[in-house]
Amino acid sequence: MDTRLEKALDISNYMVTLNNQKRLLKEKYKENLVHYYNGGQFTVKQELISFCQSLSALSQTETILIDDNDIPVEIENLTDFLTNIIDTYVQASNAFLVDYNKLKTNRSVESIMDI
Amino acid sequence: MTKGVVLFASNNGVTNYIKQAKFCADRIKQYLNLPVTLITNQDIEKKYDYWMNRFDKVIRMPKLMQNQNQKRYFDGDLSNKILLFNNGSRAWAYKLSPYDETIVMDTDYILSNDSFLQCFEGASDFSIYNNATHIGIHDGTTEFQRISDTSIDFYWATIFFFRRTPLNKIFFDLIKHIEENYMHYRNVYQFSTPLFRNDFAFSIAIHIMNGYQTGEFANKMPGKKYYSIDKDICLEINNGNIKLLTQKENRLGEYTAVNISDCNLHIMNKFSLERCIDNQ
């Protein structure tokens, strides 16, 4: 095979592997963003954090939130809930950053497989 | 309330599902710390007495639920065998489970985190996945979205959670009825395969329980379900880290390397799974 093509195909193969790994990392990040509370399931997004923070700033101590399955869930202690969802968000985002940085420094299929 | 996991295992002369069940049970203990009951057609006390301590209870499968079929099993893109498989209805899980709250799992489901513990905290009495993520770059497999192009949503009977409630008894009895009248439901729900599939029976039963429409009878299982098909090859399972080759679409015999960690994975290639278990 022409060496020019051979080198390009090696890169092509590497890019497919890299893109797939990035996709799987993002899926794992979404999974790690889920916070379970009082039988409900909440995907922690910036909007949820901001909304809870706004309620808290208005001196609300409890509230009702609609979870991922459209079920209303009573939040009995808003301050604790807010602390926990921020913790979930920070941990998931940190793990995503660490995994992503590991991935991008690996320049071959073999090294990606050895992470 | 008693809690536990139920596994089904029926050897077919080539694939050793008891070995898979032992491996699966070890991971259930590691990640969920729950008791495991094995339902099998094998005389495990005689043949596999050295694995008996891995299971909290072993139940011999009633003859009635042994439903043998033939199926083509792939081992990667280029190799396959036609083998017998016993896909006796999972509906028996309700009758046979010794627990009030049960997770039923296929033995080729490799746990790598504890997300399923949330089932026991949730309000839902019946949870099951209706979507899953393939580990490969081509994620457009319609086979696992609907039971046929013109039919209803697909649900995975690979893993589900149920509580012992009167409503769930009706549901599991309905699955038995669907199994007994499978050809009728095949015509009504317009799918081509005459082979009994638990996934299809569950999908139909959920559709009926929801009043013949999309509804909320079944909630989604916690966490994400990842899967690899039998044309993908599992290379290594090292604690929470799994290395695989996934088949490239429309490129016979070509694969993409995949490294996945801390995610629960359904490995459909039984041959490569068994090789990985042997290498532990």
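1. In this predicted model, helices α1(B) and α7(B) are oblique to each other, because an angle between 35 and 65 degrees is neither roughly parallel nor roughly perpendicular. The axes of α1(B) and of helix α7 of chain B, residues 270-278, cross at roughly 60° and come within 10 Å. The crossing in which α1(B) passes α7(B) is left-handed.

2. The residues that join this pair are as follows. Helix α1(B) contributes B:K19, B:Q20 and B:F23, while α7(B) contributes B:L273, B:E274 and B:I277. By class, the contact of α1(B) with α7(B) holds three nonpolar residues, one polar residue and two charged residues.

3. The crossing of α4(B) and α6(B) is right-handed.

4. On the α4(B) side, this contact is made by B:F171, B:L174, B:I175, B:I178 and B:E179. On the α6(B) side, the residues are B:A201, B:F202, B:I204, B:A205, B:I208 and B:M209. The contact of α4(B) with α6(B) comprises 10 nonpolar residues and one charged residue, with no polar residue.

5. In soluble globular proteins, nonpolar side chains tend to be buried together. The largest nonpolar core of the model has 74 residues, and within this core B:L7 and B:I159 touch the most other members. Helix α1 of chain B, residues 17-31, supplies the largest share of this core, with seven residues.

6. Which residues are in contact with B:I159, leaving aside its neighbours within four places in sequence? They are B:I103, B:V104, B:M105, B:D106, B:Y109, B:Y129 and B:M221. Another core, of six residues, lies apart from the largest one; among its members are A:F42, A:V44, A:C52 and A:I85.

7. Finally, the contact between the chains deserves a point. It takes 18 residues from chain A and 20 residues from chain B. On the side of chain B that touches chain A, strand β14 of chain B, residues 255-261, gives the most, with five residues. The residues on that side of chain B divide into eight nonpolar, eight polar and four charged.

Terms used: Residues are numbered from 1 along each chain as its sequence is written. Chains are lettered from A and ligands numbered from 1 in the order in which they are written. This is a predicted model: local features need pLDDT of at least 70, side-chain atom pairs count only at pLDDT 80 or more; totals for chains, interfaces and linings use all residues. Two residues are in contact if their C-beta atoms, placed from the backbone, lie within 7 Å. Helices (H or I, at least four residues) and strands (E, at least two) are DSSP runs, numbered from the N terminus. Ala, Val, Leu, Ile, Met, Phe, Trp, Tyr, Cys and Pro count as nonpolar, Asp, Glu, Lys and Arg as charged, and the others, Gly among them, as polar. A crossing is left-handed if the near helix is turned anticlockwise from the far one by less than a right angle, and right-handed if clockwise. A nonpolar core is a set of buried Ala, Val, Leu, Ile, Met, Phe, Trp, Tyr and Cys residues joined through C-beta atoms within 7 Å. A residue is buried if 20 or more other C-beta atoms lie within 10 Å of its own, exposed if 12 or fewer, and partly exposed in between; C-beta atoms are placed from the backbone. Axes are lines fitted to C-alpha atoms, for helices over the stretch in contact, and angles run from 0 to 180 degrees between N-to-C directions. Angles under 35 degrees count as roughly parallel, over 145 as roughly antiparallel, 65 to 115 as roughly perpendicular and the rest as oblique.
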